[in-house]
Structures are given as structure tokens and as C-alpha cells.
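User: Please go through the strand pairing and surface of the model shown below.

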Amino acid sequence: SQQLPLRPAVAQKPEQAETAKCYAVVDYGDEYVQPLILDAMNSLLPEGSWELLPHTPSSSADQVLSLANIVPSPTAKLVQIAPYETLDFEYAADHSSTVLINSYMIRKALIRKHYLSATVETWSAKHPSSSLATGVKRSEHFELDYAEFLDDALVEAFDLRESLERNEEKEDPAQRDWWILKPGMSDRGQGIRLFSTQDELQAIFDGWEADRPDSDAGQDEDEDEEAAGSGGDRDGSGDYITTSHLRHFVAQPYIHPPLLLDTDSRKFHIRTYVLTVGCLSVYVYSDMLALFAGAPYAPPWTAPEDLD
């Protein structure tokens with residue numbers, strides 16, 4: 001791993017010590033992660049070089065924590081570590097030379113799957129030799145409020161619709177082109193399904209509508225994101241998706257067979273931790289995390305509801 005360069009220490013006059021101190025606002029909203037962040041800061045930063053500012057935690061998950069009301073002075077050096085929705089991007093942008101935050105404002109273009117697919121498509125068109133052009137499967141993006149309008153939603157998804165029509169003519173599921181469905185704003189695997197025909201896709205959305213609780217139709221985007229954070233499952237007891245809240249979906253060709261180890265037939269992926277700074281230096285943590293499925297891999301037509 002590459003270490004960030006450190007500036008050489010410079011002797012300071014006593015009156016400069018207070019102005020050189022760095023202040024921190026740490027309100028990550030997770031009782032497990034919060035102490036880990038504070039322990040890391042205490043172990044890495046010299047004693048007396050920084051001060052944790054007291055503050056009132058945000059009353060809701062999407063309430064921005066105003067740094068102007070917390071920081072001792074407008075010129076003070078400040079670090080804010082908090083969930084994306086509560087970061088004070090406006091204050092950080094106005095004080096870019098003295099304030100650091102733990103996320104880029106453009107993060108939503110990467111975590112929302114329909115935005116990510118558009119970003120990859122645009123970049124690949126401009127840079128055809130990029131690894132994204134060959135390493136990322138194409139995505140078909142469509143919007144759907146209610147299951148009964150699926151036919152209309154697929155009008156613009158040309159490749160997907162044509163593939164499903166070809167699959168209808170193939171009686172053997174093993175000969176079909178399989179697709180994976182992903183809600184644009186869900187996470188932790190919520191709502192991911194496999195399908196090969198429009199009837200199967202229709203059944204997925206019909207099943208979600210049958211399982212969901214009653215909800216108001218007039219929800220704004222912030223409420224959409226709240227539903228997305230729990231995969232559309234407001235009481236945490238199911239795996240359904242509320243399509244009227246999470247109206248953006250992407251479908252990608254399913255990769256079969258996937259890359260498997262010779263000694264292990266389970267699907268896996270490798271998670272890499274990186275730190276990005278400025279615009280844009282990327283530092284890669286050399287220790288990576290391998291996550292394996294709980295069961296051996298099986299073709300999608302044998303059990304399309306089993307994502308392992």
C-alpha cells in the first residue's frame with residue numbers, strides 16, 4: 001500500500017498552536033463503526049493535535065449537520081466524518097482549503113445502479129479502450145411504478161425485450177439468455193432476481209406488489225431514498241421491493257458460468273478498500289476481503305430464486 005506524504009514538522013509559536021489545531025465532527029450514526037473511527041484517529045494523530053467537537057446528533061438520517069454552527073471559527077481546520085446524507089457539502093465547498101469530509105458529492109452517481117450504468121456507458125463511449133468497456137456488462141434501464149405497466153416500461157429497453165422474445169421460443173431454459181434484475185436504489189442484495197422471460201419478470205413485480213404494505217403514492221425523492229436504504233422493506237421483515245418508491249431498475253445479462261476456484265465451487269467476489277483524495281488520487285489497501293456464497297454454484301434455470 002502507498003502511504004500519504006506527510007509535511008515535515010515546523011516549530012510553532014505558542015500563539016500559533018491553537019490556530020493549527022484540527023477539529024473533528026464525527027457522527028457516523030453506527031454504534032459499531034463510531035468507536036472504531038475514534039480509536040483510529042486517537043492512534044494515528046498526535047495527542048493534542050486535534051479536538052473532537054461536541055454537537056447535537058442529527059435528528060433524522062437525512063438532516064444535514066450544519067458545520068457553521070459548530071466550528072470555532074471560519075478559518076479553523078475541520079474534518080467531518082458522517083453518513084453521506086448528513087454531510088455539510090455546502091460548507092465544505094465554501095471552505096475547501098480547511099475542511100475535509102469523508103465522501104464526494106458525486107457518490108450518488110456511483111451507488112445508484114441506474115446512474116452507475118449511465119456513467120459507465122458514457123465513459124466507455126469516450127474511452128473505448130477502457131477496461132470498463134469490456135469488464136462491465138451492458139445494462140438496460142427502465143422505470144416502473146406499478147407491475148401492470150411492465151409492457152410500457154420495456155418499450156425503450158430494446159435489447160432486453162428482443163432477448164426475452166427470443167427466449168420465449170426456447171423450451172429448454174438452459175438454452176435461454178438469462179438476465180439479472182437489480183433495483184436502482186436498493187442495497188445489500190435486496191430485490192435482486194433472475195429471469196429469462198417476460199412472464200418471469202412480470203411474476204417478480206406481481207409478487208412484490210402482493211407482499212407490500214399499503215403506501216401513499218405521493219412520495220418525494222428523499223422518501224424514495226429512505227425506502228432504498230432498507231430495500232423497500234419498511235419493517236425489516238421481508239425482501240419485497242416497493243416499485244412505486246424504487247421506480248428505477250436495471251437488467252444485465254447474467255454471467256454463466258462465473259469464475260470459480262478449482263478447489264471451491266462457490267461464487268465469490270473480492271472487496272477492495274481504497275481511499276480517494278482530491279481530484280483524483282487513489283490509494284489501494286493491500287489487504288482485500290474475499291466473500292464466498294453459502295452454497296455451491298448452480299445454473300440459474302435450476303433455481304432462479306437461489307442467488308448463491
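**Strand pairing and surface**

User: How many bridges pair strand β6 with strand β8, and in which sense?
Analyst: Strand β6 covers residues 179-183 and strand β8 covers residues 248-253; strands are DSSP runs of E of at least two residues, helices are runs of H or I of at least four residues, and both are numbered from the N terminus. Two strands count as paired if DSSP finds at least two bridges between them. One of the bridges links Pro-183 to Phe-249 in β8. β6 and β8 pair in the antiparallel sense, over 5 bridges.

User: What is the basis of these values?
Analyst: The model is predicted, so local features need pLDDT of at least 70 and side-chain atom pairs count only at pLDDT 80 or more, while totals for chains, interfaces and linings use all residues. Residues are numbered from 1 along each chain as its sequence is written, and side-chain values use heavy atoms, with hydrogens and water left out.

User: Which residue in the hairpin of β10 and β11 takes a positive phi?
Analyst: Strands β10 (residues 274-277) and β11 (residues 281-284) run antiparallel and are joined by 4 bridges, with Val-274 and Val-284 as bridge partners. The hairpin has 3 residues between the strands. The residue with a phi near 60 degrees is Gly-278.

User: Is Val-282 buried, partly exposed or exposed?
Analyst: Val-282 lies in strand β11 and belongs to a nonpolar surface patch that also includes Tyr-104 and Met-288. Buried means under 20% relative accessible area and exposed over 50%, with partly exposed in between (1.4 Å probe, protein chains only). At a relative accessible area of 44%, Val-282 is partly exposed.

User: What percentage of the protein chain's residues count as buried?
Analyst: The chain holds 10 helices and 12 strands. Of its 308 residues, the buried share is 32%.

Terms used. Patches are made of residues with over 30% relative accessible area and no salt bridge: like charges are joined within 9 Å, nonpolar side chains (Val, Leu, Ile, Met, Phe, Trp, Tyr) within 5 Å. Accessible areas come from the Shrake-Rupley method with a 1.4 Å probe; for residues, only the protein chains shown count as cover. A salt bridge is a side-chain nitrogen of Lys or Arg within 4 Å of a carboxyl oxygen of Asp or Glu.
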